[in-house]
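Let's take a friendly walk through this model, from strand pairing to the packing of side chains. Keep the viewer open as you read.

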Amino acid sequence: MATITYTVTVASGTTQYGTGNRFYINGELAPVLYLQEGNTYIFDQSDSSNAVGGVHQIAFSTNPNNDPAATYTTGVTSTGTPGNAGAQTTFNVAPVRTTGAPLLFYYCTNHSGMGNTA
């Protein structure tokens, strides 16, 4: 069991959803994230780019591309406001021996097309 921190920034980029503001994870444009069950992931959203053009809160869903109807919240906690010091989302991925985690996608709660598969 490990704790991994990702730095989240927002900038223009082109993905399978077109061109616009996109999440960059550790400097990489909307990468596929491989989250291991049992680990804790911290998505640090304190960079000011997370508040440019609106608040870009990272979240998780069982459907791709900003589908709040399928939001996945098990083990997910957000604190602070993106773009401000201390803003982060923590995801404690459920171990296989309990409920397990389904195939997930990360997205922006306010803007479509910013994320990818997690």
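Start with β8 and β9, which pair in the antiparallel sense over 2 bridges. Two strands count as paired if DSSP finds at least two bridges between them. The strands themselves, like helices, are DSSP runs numbered from the N terminus (strands are E with at least two residues, helices H or I with at least four). Within this pairing, phenylalanine 105 stands opposite threonine 117 in β9.

β8 (residues 105–108) is also joined to β5, by 4 bridges, and these two strands run antiparallel. Here serine 61 has phenylalanine 105 of β8 as its bridge partner. Together the 3 strands make an open, antiparallel sheet in the order β5-β8-β9. β5 (58–61) and β9 (116–117) are the edge strands with a single partner each, so one side of each has no neighbour in the sheet.

## How to read the model

This is a predicted model, in which local features need pLDDT of at least 70 and side-chain atom pairs count only at pLDDT 80 or more, while totals for chains, interfaces and linings use all residues. Residues are numbered from 1 along each chain as its sequence is written, and side-chain values use heavy atoms, with hydrogens and water left out.

## The six-stranded sheet

Which order do the strands of the other open sheet follow? Its 6 strands are arranged as β3-β2-β1-β4-β7-β6, with mixed pairing. At its edges stand β3 (28–29) and β6 (76–79), each with a single partner strand, so one side of each is left without a neighbour in the sheet.

Inside this sheet, β4 (residues 40–44) and β7 (residues 88–92) run antiparallel and are joined by 5 bridges.

## Overall build

The protein has 0 helices and 9 strands. Its radius of gyration (taken over C-alpha atoms) is 13 Å, close to the 13 Å that the globule rule gives for 118 residues, so the protein is as compact as a globular protein of that length. That rule is 2.2 Å times the number of residues to the power 0.38. The C-alpha trace spans about 40 × 30 × 25 Å along its principal axes.

Of the 118 residues, 42% are buried. Buried means under 20% relative accessible area, exposed over 50%, and partly exposed in between (1.4 Å probe, protein chains only). Contact means heavy atoms within 4.5 Å; among contacts between residues at least 6 apart in sequence, 63% join residues at least 24 apart.

Where do the side chains of β8 point? Phe105 and Tyr107 point one way and Tyr106 and Cys108 the other, and all are buried. Leaving aside neighbours within four places in sequence, tyrosine 106 has contacts that include Phe23, Ile25, Leu33, Phe60 and Thr117.

The largest nonpolar core has 20 residues, and those with the most contacts inside it are Phe23, Leu35, Phe43 and Tyr106. Such a core is a set of buried Ala, Val, Leu, Ile, Met, Phe, Trp, Tyr and Cys residues joined through side-chain atoms within 4.5 Å. β1 (3–15), β2, β4, β5 and β8 each supply at least two residues of this core, and β1 gives the most, with 3 residues.

## Aromatic pairs

There are 6 aromatic pairs in the structure. Rings of Phe, Tyr and Trp (its six-membered ring) pair if their centres lie within 6.5 Å; planes under 30 degrees apart count as stacked, over 60 as edge-to-face and the rest as tilted. In the pair of phenylalanine 23 and tyrosine 106, the centres are 6.4 Å apart and the planes at 45°, so this pair is tilted. Phenylalanine 23 lies in strand β2 (residues 18–25) and tyrosine 106 in strand β8, so the pair ties together parts 83 residues apart in sequence.

Tyrosine 72 and phenylalanine 91 also form a tilted pair, because their ring centres are 6.1 Å apart and their planes at 55°. Tyrosine 72 lies in the loop between β5 and β6 and phenylalanine 91 in strand β7, so this pair ties together parts 19 residues apart in sequence. Tyrosine 72 is buried, with a relative accessible area of 11%, and phenylalanine 91 is buried at 0%.
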